Amino acid sequence: MLPPSPSDSEPWSEKDFAAIVAFLRHQIGITLEPHRMGLLQARLRSRVQVKDFSSFCQFHEQVLRNDPSGWGAQLLIDLSTVNHTSFFREPAHFTFLSEHVSASLKDAPTSTVRLWSAGCSSGQEPYSMSMALAEALPPHGLAKVEIWASDLSLEMLKVAASAIYATRDVQGVSPARLRRFFLLGRGPREGSFRIVPEIRDLVKFRHLDLRNTIWALPTDFHIIFCRNVSIYFAEEERLVLLNRLSQHLRPGGWLVMGKGEILPSVPASLRKHSPSLYQREA
Ligand SMILES: C[S@@+](CC[C@H](N)C(=O)[O-])C[C@H]1O[C@@H](n2cnc3c(N)ncnc32)[C@H](O)[C@@H]1O
């Protein structure tokens, strides 16, 4: 007699995982690439087993089907998004940011300068914006800056709001920045680094799905960083995303994308200056 196939004997089978993949695609808009399935399965298995579900199928039937926007969906989002980020990733973007904000404040010293890190992951990007500006501006200039930061993943936002990072996260940060912008953990927090309040307090975090049609955010941003996020979007969704982002820029405002992101088409409201820099028509 043939041994039972894995899908007959293993309750956590690929077959019943298919319903979860379909849920991710249709309800959340995330298309899981085949090479990421194994990782999601492993992460999901350990997280829902502790809640006493005996299979992916049971989790799908009892949680996702009954409450498609509840905790199960959020768990899937948290486990299936790629959150790779780092402090001062693509450093030229932060030089651009500092120069642009300094120039804007010179022209209009009393106006607020609004910046947005859309898809901020665990916070390194908005905190790098904040640090770059703390280096470039006098205190009264910094007081005119607002940095908004948003992500789809609640887990990432929790890490971001805590502003606590491990040694490996700060490896690329210069010693001068480490001394100025980070507090060394003591006692049970030894080995960790926390961003100083001066830098933390500039950033407001929001939970936001960029696929939603309404974003409760200002519409006069000077600069929006939306780097390495559109990789999650299908081609036609990317155009919709760029269009909406451009509507949240003030005339002449800038959109900064990741250097490796390929954007086959760009809305008419945006002018391309380099592969990662776009400006809204003035
Ligand atoms: C690879 S990280 C990039 C982080 C940072 N922008 C950078 O470049 O270092 C992508 C982030 O986009 C977020 N994301 C993916 N889809 C999203 C969506 N529909 N709405 C908002 N954020 C999304 C993910 O949760 C993840 O934290």
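With 21 C-beta neighbours inside 10 Å, asparagine 228 counts as buried. (Buried means that 20 or more other C-beta atoms lie within 10 Å of a residue's own; exposed means 12 or fewer; partly exposed is in between; C-beta atoms are placed from the backbone.) This is a predicted model, where local features need pLDDT of at least 70 and side-chain atom pairs count only at pLDDT 80 or more, while totals for chains, interfaces and linings use all residues. Residues are numbered from 1 along each chain as its sequence is written.

**Overall build**

- The protein has 12 helices and 10 strands. These are DSSP runs, numbered from the N terminus: helices are H or I with at least four residues, strands are E with at least two.
- The C-alpha trace spans about 80 × 55 × 30 Å along its principal axes.
- Of the 282 residues, 35% count as buried.
- Among contacts with a separation of 6 or more, 71% join residues 24 or more positions apart. Two residues are in contact if their C-beta atoms, placed from the backbone, lie within 7 Å.

**Two domains**

- The domain assignment gives domain 1 (6-80) and domain 2 (91-280). Such bounds come from an automatic or database domain assignment.
- The centres of the two domains, taken over C-alpha atoms, are 31 Å apart.
- Five residues of domain 1 are in contact with six residues of domain 2.
- On the side of domain 1 that touches domain 2, two residues are nonpolar, two are polar and one is charged. Ala, Val, Leu, Ile, Met, Phe, Trp, Tyr, Cys and Pro count as nonpolar; Asp, Glu, Lys and Arg count as charged; the others, Gly among them, count as polar.

**The ligand shell**

- There are 22 residues around the ligand, and Thr85, Gly119, Ser121, Leu152 and Leu210 come nearest. A residue is near a molecule if its C-beta atom, placed from the backbone, lies within 6 Å of it.
- By class, the shell holds seven nonpolar, nine polar and six charged residues.

**Helix α6 (91-107)**

- The 17 residues of α6 should span 24 Å at 1.5 Å a residue, and the end C-alpha atoms are 25 Å apart, which agrees. The expected span is 1.5 Å times one less than the number of residues.
- His93, Phe94, Leu97, Val101, Ser104 and Leu105 are buried in α6. Seen down the axis of α6, its buried residues fall within an arc of 95 degrees, so they line one face of the helix. The arc is that of the directions from the helix axis to the C-beta atoms.
- An α-helix has 3.6 residues a turn, so residues three or four places apart point the same way.
- The other side of α6 has the exposed residues Pro91, Thr95, Glu99, Ala103, Lys106 and Asp107.
- The packing partners of the buried residues of α6 are β1, α7 (124-136), α8 (139-142), β2 (145-151), β7 and β8.

**Helix α12 (residues 235-247)**

- The 13 residues of α12 should span 18 Å at 1.5 Å a residue, and the end C-alpha atoms are 19 Å apart, which agrees.
- Arg238, Leu241, Leu242, Leu245 and Ser246 are buried in α12. They cover an arc of only 130 degrees around the axis, which puts them on the same side of α12.
- Glu236 and Gln247 are exposed, on the face of α12 turned away from its buried side.
- The buried residues of α12 pack against β1 (113-118), β7 (221-226), β8 (249-257), β9 (270-274) and β10 (277-280).

- Asparagine 228 is in the loop between β7 and α12. Asparagine 228 has a positive phi of about 60 degrees although it is not a glycine.
- Glutamate 90 is not a glycine either, yet has a positive phi of about 55 degrees. Glutamate 90 sits in the loop between α5 (71-80) and α6. With 18 C-beta neighbours inside 10 Å, glutamate 90 counts as partly exposed.
- Isoleucine 28 belongs to helix α2 (residues 14-28). It counts as buried because it has 20 C-beta neighbours inside 10 Å. Leaving aside neighbours within four places in sequence, isoleucine 28 is in contact with Ala73, Leu76 and Ile77.
- Asparagine 212 lies in the loop between β6 (203-207) and β7. Asparagine 212 counts as exposed because it has 10 C-beta neighbours inside 10 Å.
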